[in-house]
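Q: Please take a close look at one chain of this structure. How is it built, and how is it packed?

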Amino acid sequence: MTATRRTWWRTGLGLVFTVLMLFPVYWMINVSFTRDQDMRKSPPYWFPVHGTLEGYRAVLEQQGPYLATSLVVGLGTVALTLMIAAPAAYSLAKLRPRGGGVLSFVLLIAQMIPGVIMAMGFYAIYLSTGVLNTVPGLIVADSTLAVPFAVLILTAFMSGIPEELMHAARVDGAGALRTFWSVVLPVSRNSVITVSLFTFLWAWSDFVFASTLDQGGGHQPITLGIYHYIGNNNQQWNAIMATAVVASIPATVLLVIAQRYVAAGVTAGAVKD
Amino acid sequence: MKHATQTPAPPTEGGWREGATASRAGSAHRAPARRGGPGQWATGRWATGQWAAWAFLVPVVVYLLAFYVYPLYRNVDLSLRNYTVRSFVQGDAPFTGFANYAKVFADATFAPALWHTIVFTVVSLAFQFTIGLALAVFFSRNFRLSATLRALFLVPWLLPLIVSSSTWSWMLNSESGVVNAALTAVGTDPVNWLTSPDWSLWSVTIANIWIGIPFNLVVLYSGLQAIPTHIYEAAALDGATPWQRFWRVTFPLLRPVSAITLLLGLVYTLKVFDIIWIMTKGGPSDASTTLATWSYRLGFGNMLPSFGPGAAVGNLLIVIALVFGLVYIRTQRRQGAA
């Protein structure tokens, strides 16, 4: 009896904390539905009492190309990151390359270099090679946010693949490449998905590289869409917040999916498969 | 060992298998010559294995050279030359040694930017860590909905920074922001959060704390899960109060995880640029300028960019980040070894 009451007390407190924490998110949604004339009302409406879809209409009319670009950039970054990280992780985890430790160390360090500073070097290179303001250029730059992380995470997961599995593949006549493609990759499916989701999220959310390397581009990502909005029409906050809500959808959806995959252990997956 | 070269397994896919099976047969066959036998074959396999291993590493090595080392090299080069827009395009800027660095150190913005970076980082970390730890302890007692609520706490961390930053900008708006509306409701004077030099640094720090809490919560929560429950049971049997249990048991046992969390948080907080730039652009009059935003403003924020000094500030920031990054790696290694 007391135990139950105690649990409910905790749940109540937990709900209060969560509400406080997520208030900004709620406020973003609330403002996205607020009419222009109510925007500067004091005190503000705490609920969208005169809800409007003006903001979302503006998103549909104006932000479509930005969202499409972000999608392409996100998917491109995932593909590039996996192409580079997965073989490297396989080697580091299972093939014991000489100097592998040094490489892992370099990757750890690379992860710590601020993006703002990378952006300046990229800007200089892109300007002279003509890649400035292009989608491929942005994809390459965005991938630097993810590649070190991807290699390190995939290596950790792949190290957990039982040696017996590798040995069995070898006995069946599979070479290193075939083992990688037909055994290691399928078994690591969950970690590959996890890495892909995070990579997509980072590329989708990137502002630093977009604002430096794609400022004048014909195809700009959604983060720049919001940024231009803030700069241009300071009054239309429902449109800005509606764009923000739409830009948050992938994060929310991916979080729900990713949780499942992160939870699934890699060796557990190997046994099941 | 000399014999190893006689039968090198070809570096092909098939060769791997041959090497492997032959090795087994070989070692069985020459069981008496224990030292020579397996060693010989192992060396042959080693060479093959190294070829394959490095073949898989070629993409990442090329990638690191092209997209990490080269941009960083260009950045160092930028900081050592006197670049103008013209010479930036033509690439014939004169070498000036450390002139850009001298210029940066002498700049009136340098001391405030460094100080703001320190305040922003230390205050952010202190609050993120304390709140994250309190929440982790709170959530470590399982209760109804605890898993769901914990998952919801991740949302601020996953939102694109431009989304959270612009939301905070509007919430902290002087005239129409909900924060000032709430302050007025409780009878306090409204605050010019983003437009007053006294408050802008605090505003961006508050937003950054909010964004960083989930990371601290998640890492510290997993650290708490690793503490065996029987230790708590023993403490409870000894009559320890919950408060004592936390300070005498949880906190000391959590120290390694705490060190990792704080150091990683430090490296990440030094990098923070988006939040500050979107909310205040480092202003008003540099009141919330950190090294990261200063570097960006020098390179990209003006009509006439000064790439040289911008790159110099950036390289200073890299050095600071790397120092703490190395401390982090060392701490982690030492803990892994212990």
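A: Two residues count as in contact if their C-beta atoms, placed from the backbone, lie within 7 Å. In chain B, take the contacts between residues at least 6 apart in sequence: 68% of them join residues at least 24 apart.

The model is predicted, so local features need pLDDT of at least 70, side-chain atom pairs count only at pLDDT 80 or more, and totals for chains, interfaces and linings use all residues. Residues are numbered from 1 along each chain as its sequence is written, while chains are lettered from A and ligands numbered from 1 in the order in which they are written.

Start with the secondary structure. Helices (H or I, at least four residues) and strands (E, at least two) are DSSP runs, numbered from the N terminus. Chain B has 16 helices and zero strands.

Now burial. A residue is buried if 20 or more other C-beta atoms lie within 10 Å of its own, exposed if 12 or fewer, and partly exposed in between, with C-beta atoms placed from the backbone. By that count, 41% of the 338 residues of chain B are buried.

Next, the record. UniProt positions are given in the numbering used here, feature names are shortened, and annotations may be inferred rather than shown by experiment. The unreviewed UniProt entry gives "transmembrane region" for residues 51-73, 113-139, 151-171, 199-221, 253-279 and 307-329 of chain B. Two of these spans can be set against the model. Residues 113-139 of chain B are 100% helix and 0% strand, with end C-alpha atoms 38 Å apart. Residues 151-171 of chain B are 81% helix and 0% strand, and their end C-alpha atoms lie 24 Å apart.

Domains come next; their bounds are from an automatic or database domain assignment. Chain B is assigned domain 1 (2-79) and domain 2 (99-337). Four residues of domain 1 of chain B are in contact with eight residues of domain 2 of chain B. The domain 1 side of that contact divides into two nonpolar, two polar and no charged residues. Here Ala, Val, Leu, Ile, Met, Phe, Trp, Tyr, Cys and Pro count as nonpolar, Asp, Glu, Lys and Arg as charged, and the others, Gly among them, as polar.

Look closely at helix H15 (residues 291-301) of chain B. It is mostly covered, with 10 of its 11 residues buried. Among them are Trp294(B), Tyr296(B), Arg297(B) and Phe300(B). Thr293(B) also sits in helix H15 of chain B. Thr293(B) is buried because it has 28 C-beta neighbours inside 10 Å. Setting aside neighbours within four places in sequence, Thr293(B) contacts Phe273(B), Ile276(B), Trp277(B) and Gly282(B). From Thr293(B) to Ser164(B) is 129 residues in sequence and 18 Å in space, C-alpha to C-alpha.

For a contrast, go to Ala147(B). This residue belongs to helix H6 (residues 146-152) of chain B. Ala147(B) is exposed, as 12 other C-beta atoms lie within 10 Å. Ala147(B) and Ile278(B) are 131 residues apart in sequence and 33 Å apart in space, C-alpha to C-alpha.

Leu145(B) lies in the loop between helix H5 (110-140) and H6 of chain B. Leu145(B) is not a glycine, yet its phi is positive, at about 75°. With 15 C-beta neighbours inside 10 Å, Leu145(B) counts as partly exposed.

Last, the partner chain. The contact between the chains takes 78 residues from chain B and 77 residues from chain A. On the chain A side, helix H1 (residues 2-32) gives the largest share, 14 residues. The chain A side as a whole divides into 54 nonpolar, 17 polar and six charged residues.

A nonpolar core is a set of buried Ala, Val, Leu, Ile, Met, Phe, Trp, Tyr and Cys residues joined through C-beta atoms within 7 Å. The largest one has 160 residues, and Ala85(A), Ala89(A), Ala119(A) and Val151(A) have the most contacts inside it. Helix H3 (residues 64-95) of chain A gives the most to this core, 15 residues. Chain B takes part too: domain 1 (2-79) and domain 2 (99-337) of chain B both give residues to the core, so it lies between them.
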